[in-house]
Amino acid sequence: GSDIKALDSVFDYIKKLPEKVKNPIRKNWEHYLVHLIETTRILLDISSGLTLEQVAIALLHDAIEDVEEVGINELTRLFWYNIASSVEKLSKKDILDYGLWEERYEELKRERNIEYLESLKHLSNFELDVKFADRIHNLRTLAWLPIMFIESYIEDTIKYFIPLAKLRNKKAYNLLISQLFTLRVYLVSLRANSKF
């Protein structure tokens with residue numbers, strides 16, 4: 001019916017996004033589209049009240065953040081305001097990096113990220129489910145990244161995501177804990193191997 005048509009239009013839209021992102025291959029060597037699909041698949045497992053709208057938000061969750069010409073107006077025009085508004089809430093703000101020294105840019109980026117992580121508690125459960133799914137998938141795909149990045153990602157997950165998930169989504173909480181355990185084991189084995 002019309003629900004399937006609406007979902008098809010979201011799929012058609014996200015299939016074109018890799019042409020518009022700066023790099024369709026993510027830091028972990030995974031294709032941009034794979035992340036959107038896998039995040040949505042995890043959402044199907046953890047959502048406390050799955051709707052077509054929530055699936056659309058999961059598929060589009062990185063669109064505003066990653067694609068310069070995509071904004072809330074375009075998503076509202078193509079889909080509907082509720083979807084566009086939630087995608088915007090799930091997006092980090094841009095940092096205008098014209099003429100900034102790299103150190104200053106990194107400092108601003110870290111400040112922006114902390115502000116964003118602090119703001120997660122203000123999301124509805126409906127939106128937070130998508131963010132949990134996104135985080136779980138990111139945790140599953142960190143192995144190719146530098147150890148310091150992995151450790152920092154683990155710390156942020158423990159500080160910001162675990163308390164929220166414990167309160168608001170038990171399935172997400174269990175998956176996050178399981179993923180953190182797997183990553184800790186991975187880091188221990190990496191360190192052990194580097195000593196030989």
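At what angle do helix α8 and helix α9 pack, and how far apart are their axes? Before I answer, the model is a predicted one, in which local features need pLDDT of at least 70, side-chain atom pairs count only at pLDDT 80 or more, and totals for chains, interfaces and linings use all residues. Residues are numbered from 1 along each chain as its sequence is written, and side-chain values use heavy atoms, with hydrogens and water left out.

Now the answer. Helix α8, residues 125–140, packs with helix α9, residues 147–168, at an angle of about 145°, and their axes are 11 Å apart. Helices here are DSSP runs (H or I, at least four residues), numbered from the N terminus. Axes are lines fitted to C-alpha atoms over the stretch in contact, and angles run from 0 to 180 degrees between N-to-C directions. The crossing of α8 and α9 is left-handed, that is, the near helix is turned anticlockwise from the far one by less than a right angle.

Which residues meet there? From α8 they are N125, L128, K131, F132, R135, N138 and L139, and from α9 they are Y153, D156, T157, F161, L164, A165 and R168. By class, this contact has seven nonpolar, three polar and four charged residues. Ala, Val, Leu, Ile, Met, Phe, Trp, Tyr, Cys and Pro count as nonpolar, Asp, Glu, Lys and Arg as charged, and the others, Gly among them, as polar.

I turn to the pockets. A pocket is an open set of points on a 1 Å grid over the protein atoms alone, where a 1.4 Å probe fits, with protein on both sides within 12 Å along at least five of seven lines; lining residues have an atom within 4 Å of a point. The largest pocket holds about 1800 Å³ of space, a volume being the space filled by probe spheres set on the points. Its lining has 46 residues, of which K27, E65, D66, K109 and R112 are the closest to its centre. By class, the lining divides into 19 nonpolar, seven polar and 20 charged residues. Helix α7 supplies the largest share, eight residues.

The second largest pocket has a volume of about 330 Å³. Here 16 residues form the lining, and E88, K89, S91, K93 and Y116 are the closest to the centre. Nine of the lining residues are charged, four nonpolar and three polar.

Finally, some single residues. S86 touches I57 and E127, not counting residues up to four places away in sequence; contact means heavy atoms within 4.5 Å. In α6, I83, A84, S85, S86 and V87 are buried, and the buried residues of this helix pack against α3, α4, α5 and α8.

I158, in helix α9, counts as partly exposed because its relative accessibility is 38%. Beyond its neighbours within four places in sequence, I158 is in contact with P163, L180 and R184. T182 lies in helix α10, residues 170–194, and is partly exposed at 43% relative accessible area. The C-alpha atoms of T182 and L139 are separated by 9.4 Å, although the two residues are 43 apart along the chain.

Note on methods
Helix = DSSP H or I, 4+ residues; strand = E, 2+ residues; numbered from the N terminus. Buried < 20%, exposed > 50% of the residue type's maximum accessible area, 1.4 Å probe, protein only.
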